Amino acid sequence: MGKYKDLMFKVATIVIVLASLAMVLIIYISLERDVKENDRKSAILITPNKTKKEGAVVDDIKPYNFKWVYNGVLAVDSESIRDYKIENIISQMTLEEKVAQMFFVGIDGISGVKGTTALNDDIKKRLEKFPVGGIIIFGKNISGKEQLKKLNEELALECESRNNIPLFIGIDEEGGSITRISSKDGFDDIKNVGNMGDIGNTGDFLNSYDAAVYIARYLKEYNINLDFAPVADINSNPRNPIIGSRAFGSEPKEVSDMVEAFRKGLNDEGVVSCIKHFPGHGDTETDSHKGIAVSNRTLEELKQSEFIPYYRAIENDVDMIMVAHISVPKVTGDDVPASLSKKVVTDILRNDLEYDGVVITDAMDMKAITNYYGQGDAAVLAVNSGCDFILESQACSEAYKAVLNSVRNGDISEERINESVRRILRLKYKYKKEVFE
């Protein structure tokens with residue numbers, strides 16, 4: 001009988017111990033699951049060197065912000081890690097490098113040769129002196145599949161190897177009438193996804209998503225990481241000579257759905273999206289490539305129509321927004337193009353619409369700019385308006401020098417330059433984090 005009681009006691013003890021261990025394991029798994037579920041998109045779990053009841057001390061990672069989760073485990077805000085790395089990079093950049101980072105240029109603008117299709121020693125030397133933030137590829141820079149792939153690969157390696165900052169390589173590949181690759185001879189295996197107006201007419205936003213995924217996949221094949229698409233304009237004026245079927249349609253809500261689907265399709269495949277042309281090019285009657293385009297919408301009218309796709313895109317952290325060279329006199333009280341207007345870029349897009357992502361100008365060699373402004377003056381106005389990237393498809397030394405000199409003489413603060421570089425590097429970190437490691 002005594003032996004039986006001893007056996008029962010041992011069994012009971014084992015059961016209690018196992019139950020206790022199981023309970024501890026359940027609690028641990030539950031806590032870990034809660035942390036991962038609540039913070040998996042914004043935190044990295046680490047084990048601290050030291051802990052204390054009200055928080056933690058981590059001697060070797062002091063610059064980061066920590067969130068107390070439970071005893072012995074900290075959640076480190078991933079944005080804090082990103083920002084610390086970026087601030088460290090900015091602090092080591094020269095003023096010349098920071099200003100250069102704000103330029104998105106055509107490769108012909110670097111080489112000085114129209115139709116450049118290959119990297120050479122002269123271009124490398126120029127990139128060393130002028131380490132731009134992005135390069136845009138046009139049809140004239142494409143002669144074949146292997147050539148395009150090699151050119152972009154070498155451009156990326158050349159820039160990244162010098163300063164450990166990724167290079168944006170962009171292209172206008174909207175589909176339909178605006179393509180650089182699918183319409184090019186020698187790329188017959190790549191289909192043109194068609195005009196966005198036709199996709200919009202299907203009423204199914206999944207068609208927009210699929211088109212973007214298809215485009216993104218072949219862009220990545222050719223080492224292109226940014227698409228200046230989709231068009232977010234409302235096709236509200238039948239006399240508009242430049243938007244038309246490039247827009248998804250004339251109804252703001254439907255356009256918003258299509259734009260969001262296209263944006264997501266690009267992003268899901270790892271390609272940066274740039275929606276355009278803020279504050280809305282659809283209700284104009286002039287092609288801004290050829291002259292000044294005017295929208296006579298009031299701010300309230302823009303909010304009820306043209307801004308609707310932007311509200312949605314901004315809510316979903318759109319990568320980049322292109323500002324058009326159109327004037328909106330009933331909003332600004334003058335004819336200054338939106339891309340050069342602080343009222344449009346800072347007061348409306350930044351403050352009213354609460355967008356803190358990257359803003360890029362439309363190409364600064366368009367006649368809406370060149371007919372009225374010198375290259376240098378336009379670039380300085382764009383920076384002062386709040387733009388981060390200045391898009392120059394041709395030679396841009398005058399613009400670069402003008403911005404640089406404006407900082408040196410105090411017309412533009414260096415902190416204003418830092419703001420733009422910070423936004424640009426954050427976007428690069430989002431897609432090329434491994435380069436920053």
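This is a predicted model: local features need pLDDT of at least 70, side-chain atom pairs count only at pLDDT 80 or more; totals for chains, interfaces and linings use all residues.
View 1. Buried means under 20% relative accessible area, exposed over 50%, and partly exposed in between (1.4 Å probe, protein chains only). Helices (H or I, at least four residues) and strands (E, at least two) are DSSP runs, numbered from the N terminus. Among the residues that Phe103 touches, leaving out those up to four places away in sequence, are Phe130, Val132, Phe389, Tyr400 and Val403; contact means heavy atoms within 4.5 Å.

Some ground rules: residues are numbered from 1 along each chain as its sequence is written, and side-chain values use heavy atoms, with hydrogens and water left out. Local features need pLDDT of at least 70, side-chain atom pairs count only at pLDDT 80 or more, and totals for chains, interfaces and linings use all residues.

**View 2. Helix α2 against helix α17.** Helix α2 (residues 78-92) and α17 pack at an angle of about 130°, their axes 10 Å apart. Axes are lines fitted to C-alpha atoms, for helices over the stretch in contact, and angles run from 0 to 180 degrees between N-to-C directions. On the α2 side, look for Ile81, Ile86 and Ile90 among the contact residues; on the α17 side, those include Val421, Leu425 and Tyr429.

**View 3. Gln101, tucked away in α3.** Gln101 belongs to helix α3 (residues 95-101). Is Gln101 buried or exposed? Gln101 is buried, at a relative accessible area of 2%. Beyond its neighbours within four places in sequence, Gln101 is in contact with residues including Met93, Pro131, Ile165, Phe389 and Lys428.

**View 4. Gln147 in helix α6.** You'll find Gln147 in helix α6 (residues 145-163). This residue, Gln147, is buried too, with a relative accessible area of 16%. Setting aside residues up to four places away in sequence, Gln147 touches Thr117, Asn141 and Ile142. Gln147 and Ala118 sit 29 residues apart in sequence and 7.4 Å apart in space, C-alpha to C-alpha.

**View 5. Helix α15 and its cover.** Helix α15 (residues 375-385) has buried residues that include Gly376, Val380 and Val383. Their cover includes α13 (342-352), β15 (390-392), α16 (397-408) and α17. Just after α15, Gly386 takes a positive phi of about 120°.
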